[in-house]
Amino acid sequence: MIELRQLQHQFVIGKKGKEKVLPVLHDINLRIGQGEIVAIVGRSGSGKSTLLNLMSGYIRPTGGDIIVNGRNVTRLSEGEWADFRLQNFGFMFQSFQLIPSMTAYENAELPLVLKGVGADKRRRRVMDMLERVGLAEYAGHYPGELSGGQQQRVSVARALMLNPPIILADEPTGSLDSENESVLLEMIRDLNREQGLTFVIITHDEQVASIAHRTLTLKDGRITDQRIQGGV
Ligand SMILES: Nc1ncnc2c1ncn2[C@@H]1O[C@H](COP(=O)(O)OP(=O)(O)OP(=O)(O)O)[C@@H](O)[C@H]1O
């Protein structure tokens, strides 16, 4: 489903004329199968977010290849990546990344608007998804009027809106209390079991790693450990 071959990345930092090369990822080889939940752990600065940003085409690798669903996407143009991303990935973030000036409904609806889905179909789909995450009554609320757990559930509805096969999550439980964290993890487990969704989740949290089938440890831009738990 996702294959990384000899993936490497370095950033160029510093002022013009005084640039420095900062190697961040080195020769990452990884295969993530359909229906897997993979947790990525590692210290701050080890390269976890960079890895996720490479998988989703937000940054281009300085070396190696990225294959998603059998397609080598390493050298797609930005426009091609935008389409590919919309079809293949949903995203969850620690900070939810909802647009504050838009209601829960409008935030959840965004992927459908971007894809050009007609108004009637959009309405049905958005209400169905908000219902599924238990937020139908909150459709008209703005993010500032929702709790952290509710905001994260709006972002889940948005992530699932176009039925992507893969969800990429960067510290999705990082701002949640333990009760909301359990609700979100239960949701992830159900989506994985019932719909075979693949999850790649960056986390510092043991609870999250405990629902993963496999936990990878990144250290200084290398995978130094792989633990297979078989999920729960
Ligand atoms: N756009 C960028 N330009 C320059 N350097 C960057 C950029 N993004 C990340 N880095 C550097 O790359 C390294 C890895 O960063 P990354 O965000 O991938 O780590 P991380 O493991 O996700 O850390 P954290 O757990 O703190 O989020 C860090 O040294 C960081 O400073």
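Modeller: An axis here is a line fitted to C-alpha atoms, for a helix over the stretch in contact, and angles run from 0 to 180 degrees between N-to-C directions. The model is a predicted one.

Colleague: At what angle do α5 and helix α6 (residues 178–195) pack?

Modeller: The angle is about 20°, and the axes of the two helices lie 9 Å apart. Angles under 35 degrees count as roughly parallel, and α5 and α6 are therefore roughly parallel to each other.

Colleague: Is the crossing of α5 and α6 left-handed or right-handed?

Modeller: α5 passes α6 in a right-handed crossing. On the α5 side the contact is made by Gly148, Gly149, Gln152 and Val156. On the α6 side, Asn180, Val183, Leu184 and Met187 take part.

Colleague: What does Leu130 touch, not counting residues up to four places away in sequence?

Modeller: With those left out, Leu130 touches Ala104, Tyr105, Ala108, Leu135, Ala136, Ala139 and Ala157.

Colleague: Which residues of helix α3 (residues 104–115) are buried?

Modeller: A residue counts as buried if 20 or more other C-beta atoms lie within 10 Å of its own. In α3, Ala104, Tyr105, Asn107, Ala108, Glu109, Pro111 and Leu112 are buried. Their cover includes α2 (78–88), α4 (119–132) and α5. Just after α3, Gly116 takes a positive phi of about 80°.

Colleague: Now the sheets. In what order do the six strands of the open sheet lie?

Modeller: Strands of a sheet pair through backbone hydrogen bonds, either parallel or antiparallel. In this sheet the order is β6-β7-β8-β3-β9-β10, and the pairing is mixed. β6 (89–93) and β10 (222–228) are the edge strands, each pairing on one side only. Direction ignored, neighbouring strands are turned by 20° against each other on average.

Colleague: Which helix packs on that sheet?

Modeller: Helix α1 (residues 48–55) does, touching β3, β7 (166–170), β8 and β9 (214–219). The direction of α1 makes about 150° with that of β8.

Colleague: How many bridges pair strand β3 (residues 37–41) with strand β8 (residues 198–202), and in which sense?

Modeller: Four bridges, in the parallel sense. The partner of Ile37 in β8 is Phe199, while Val38 stands opposite Val200. β3 also pairs with β9, again in the parallel sense over four bridges. There, the bridge partner of Val38 is Arg214.

Colleague: Why is β3 largely enclosed by the rest of the structure?

Modeller: The reason lies in burial: four of the five residues of β3 are buried, so the strand is largely enclosed.

Colleague: Which strands are at the edges of the four-stranded sheet?

Modeller: This open sheet runs in the order β2-β1-β4-β5, with antiparallel pairing. Its edge strands are β2 (20–32) and β5 (71–72), and each pairs on one side only.

Colleague: How many bridges join strand β4 (residues 63–68) to β5?

Modeller: Two bridges join these strands, which run antiparallel. Two strands pair if DSSP finds at least two bridges between them. To find the place in the model, look at Ile67: its bridge partner in β5 is Asn72.

Notes
Residues are numbered from 1 along each chain as its sequence is written. This is a predicted model: local features need pLDDT of at least 70, side-chain atom pairs count only at pLDDT 80 or more; totals for chains, interfaces and linings use all residues. Two residues are in contact if their C-beta atoms, placed from the backbone, lie within 7 Å. A residue is buried if 20 or more other C-beta atoms lie within 10 Å of its own, exposed if 12 or fewer, and partly exposed in between; C-beta atoms are placed from the backbone. Angles under 35 degrees count as roughly parallel, over 145 as roughly antiparallel, 65 to 115 as roughly perpendicular and the rest as oblique. A crossing is left-handed if the near helix is turned anticlockwise from the far one by less than a right angle, and right-handed if clockwise.
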